[in-house]
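Reader: Please show me the structure. I would like to ask about its salt bridges.

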Amino acid sequence: MNGSGAASIETIEPVVMDTQCPFCSVQCKMQVIEEQDAITRHKSYTVVPKPNAASEGRLCIKGMNAYQHALNGDRIMQPLAKQGGSFVPVSWDEAFDLIASRLGELRGAYGNDTIGVYGGGSLTNESAYLLGKFARVALQTRYIDYNGRFCMSAAAAGGNKAFGVDRGLTNPLSDIPLAKCIILAGTNIAECQPTLMPYFTKAKENGAYFIVIDPRDTGTTAMADLHLRVKPGMDAALANGIQKVILEEGLIDASFLDARTNGFAELKAHLEQLDLNEIAELTGVSVDNIRKAALAYGKAATGMVFTARGVEQQSDGYMAVRGFLNLVLMTGKIGKPGSGYGAVTGQGNGQGGREHGQKADQLPGYRMIDNPEARAHVAGVWGVDPEDLPGKGVSAYEMMEKVHEQAIRGLIIVGSNPLVSNPNANFVEEGLGKLDFLVVADMLMSETARLADLVLPVSAYLENEGTMTNLEGRVLLREASRPAPGEARHDWQILCGIAERLGKSEYFTFESAEDIFNELRLASRGGIADYFGITYNRLRKEEGVYWPCPSLDEPGAGRLFETSFAHANGKAELTPVQNHLPDEQTCDEYPLNMTTGRVLTHYLTGVQTRRSRSLAARDIESFVEIHPRAARRYGLEDGALVKLESKRGSIVVRSRFSIGIREDTVFVPMHWGDIQNVNKLTNPALDPTCRMPAFKACAVRVSPLFAGQSVD
């Protein structure tokens with residue numbers, strides 16, 4: 001009681017959590033403030049953007065509501081083992097013992113390569129690094145890959161071959177307003193990376209001419225001066241057409257080509273024999289518009305080209321990217337302010353996740369696993385014999401093929417939902433059902449986790465300290481701001497725990513994420529993606545450091561290729577690109593092209609955003625976007641349930657009419673599973689170079705779900 005006789009009311013101080021968004025590749029900084037009512041104990045949350053170099057203090061709707069999936073009560077709180085078809089809680093000791101026992105049995109019967117490891121592009125650099133080490137040292141398996149294969153492999157291969165290095169943006173974001181012409185090819189930045197849009201609006205205000213390449217209207221095409229509605233899968237041919245006009249109009253930079261590139265003579269001969277009218281027919285883009293695009297970009301004093309999944313998720317995605325890189329190099333628009341190339345990374349750590357060893361062919365520092373010098377360097381850091389390191393594995397979808405044929409019998413999945421993210425999802429589900437042992441480490445129960453024999457609870461972004469590398473190649477430190485709930489553990493702690501049970505604890509003696517990062521620095525030293533000069537202290541003081549950064553006194557490279565490229569001879573490589581047709585063509589039975597993508601309120605397979613009440617309320621179900629004239633041909637009504645079918649499966653979604661999409665094309669987002677899982681339809685044809693599946697082009701048919709449903 002106080003002096004007046006009234007009961008005192010407890011004061012509960014707000015909890016301030018400094019963190020950054022777990023979603024896209026911008027990695028915006030924020031504070032999440034938790035306040036608790038002293039009487040009702042009800043908790044409320046306020047999200048405040050924090051200034052940072054990339055997003056300049058902005059947050060999108062996903063970032064503003066990201067805390068909801070981490071704090072909504074749906075989290076997995078303890079290990080769950082499947083017994084009699086249902087999950088039952090078990091202790092961590094029981095979980096680790098089960099893993100060691102089952103993996104031991106399988107390795108003893110079938111060899112080390114019977115175990116696969118499947119990672120994710122949202123893991124921190126520390127976890128991605130440790131996952132690669134875990135696969136190759138603790139399990140000694142060659143089979144590791146990750147879902148980033150579906151995000152960046154085409155652009156990564158293109159950058160490595162053309163420039164000698166793959167880093168998402170060759171320029172800092174601050175260069176965008178300096179560009180006088182910007183090509184956005186297959187990228188919907190307004191919905192996928194919305195906090196970057198002010199950079200582009202500043203460029204627009206400065207007089208930039210915008211060319212947007214997309215088969216449908218989007219928030220990004222709204223800013224276009226020229227919208228090229230390309231047929232799905234025909235981006236490489238369109239890039240050829242633009243290059244041909246630039247060549248014919250004398251808009252090449254001859255001195256740049258001579259001094260800083262190889263291969264122009266072969267490219268010139270290839271372009272000269274192409275027919276612009278044939279390209280127009282193939283792409284669905286008129287000769288006049290191809291010429292407008294070429295002249296605008298070719299004549300501009302500065303210019304930038306951005307590509308994303310629309311170009312890259314094709315069975316010729318690597319060569320399509322090379323076509324756009326040819327365009328950059330022909331005109332000399334790279335390595336200077338306002339001129340460069342950007343592969344718009346999709347996942348939160350899609351850049352860092354592909355640099356330090358969770359890819360099938362890779363060791364830390366962007367080293368190749370089949371390179372003897374790379375093997376010797378990394379083996380020296382790890383304290384193992386180079387001969388004991390496994391060789392190259394296979395890509396993510398090819399791992400699912402190995403699972404289906406039972407070459408892989410045990411699978412550990414960390415931070416990924418391959419049942420929804422892989423193409424040909426019915427095949428993938430069938431294969432996962434054949435596994436002798438499936439372990440999934442995740443924070444929420446995903447469609448894949450439901451199939452697991454053992455589910456391990458992991459910490460969320462609010463709880464898990466570590467570094468992320470954004471689309472610019474800027475390494476950022478995400479601090480932990482609250483303890484993990486229940487019995488959830490950090491994914492790196494789980495890997496160390498399993499390694500101990502497997503008798504490999506001497507290689508996994510880490511006490512913190514910073515310990516792992518310090519080993520990563522050594523392992524990456526001297527590699528293409530050299531992080532040696534980056535420390536946690538530097539990241540705290542400088543709020544991010546670009547790689548490559550080979551020493552503590554170097555600032556890191558914000559703009560690449562100012563004087564030379566990363567190949568040994570210092571030159572970039574041009575290459576002829578063929579007018580490749582999509583692997584699967586439309587026909588009488590399947591008369592429509594289908595393409596896929598994201599919507600503003602959701603992220604990847606939706607496991608997190610569909611758990612956010614605010615985001616889920618805005619887009620509660622999937623849909624098929626279709627032109628009204630096409631819809632009428634197939635007897636569809638706007639807003640009605642329809643059946644969409646390909647050669648591989650069928651889904652049920654709601655129709656959404658739009659005059660802003662090509663009449664021969666439909667669009668379905670990728671964020672839903674089960675009966676709405678668009679990847680039941682997609683084509684698993686793989687790019688021969690980077691093994692990217694052809695998500696963006698397959699043939700489908702559409703019909704009313706109910707027989708009596710028709711249009712008057």
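Author: One definition to begin: buried means under 20% relative accessible area, exposed over 50%, and partly exposed in between (1.4 Å probe, protein chains only). This is a predicted model, where local features need pLDDT of at least 70, side-chain atom pairs count only at pLDDT 80 or more, and totals for chains, interfaces and linings use all residues. Residues are numbered from 1 along each chain as its sequence is written, and side-chain values use heavy atoms, with hydrogens and water left out.

Reader: How many salt bridges are there?

Author: A salt bridge is a side-chain nitrogen of Lys or Arg within 4 Å of a carboxyl oxygen of Asp or Glu. By this rule, the count is 40.

Reader: Which residue forms a salt bridge with Lys-50?

Author: Lys-50 is partly exposed, at 28% relative accessible area. Lys-50 sits in the loop between strand E3 (43-49) and helix H1 (61-64), and its partner lies in strand E1 (residues 15-20), so the pair ties together parts 32 residues apart in sequence. Helices (H or I, at least four residues) and strands (E, at least two) are DSSP runs, numbered from the N terminus. The closest N and O atoms are 3.1 Å apart, and the partner is Asp-18.

Reader: In which helix do Glu-272 and Lys-268 lie?

Author: Glu-272 and Lys-268 form a salt bridge, with the closest N and O atoms 2.7 Å apart. They are four residues apart, about one turn of the helix, and that helix is H10.

Reader: Which residues are linked with Glu-589 in a network?

Author: The links in this network are salt bridges. Glu-589 is joined there by Lys-643, Glu-645 and Arg-701.
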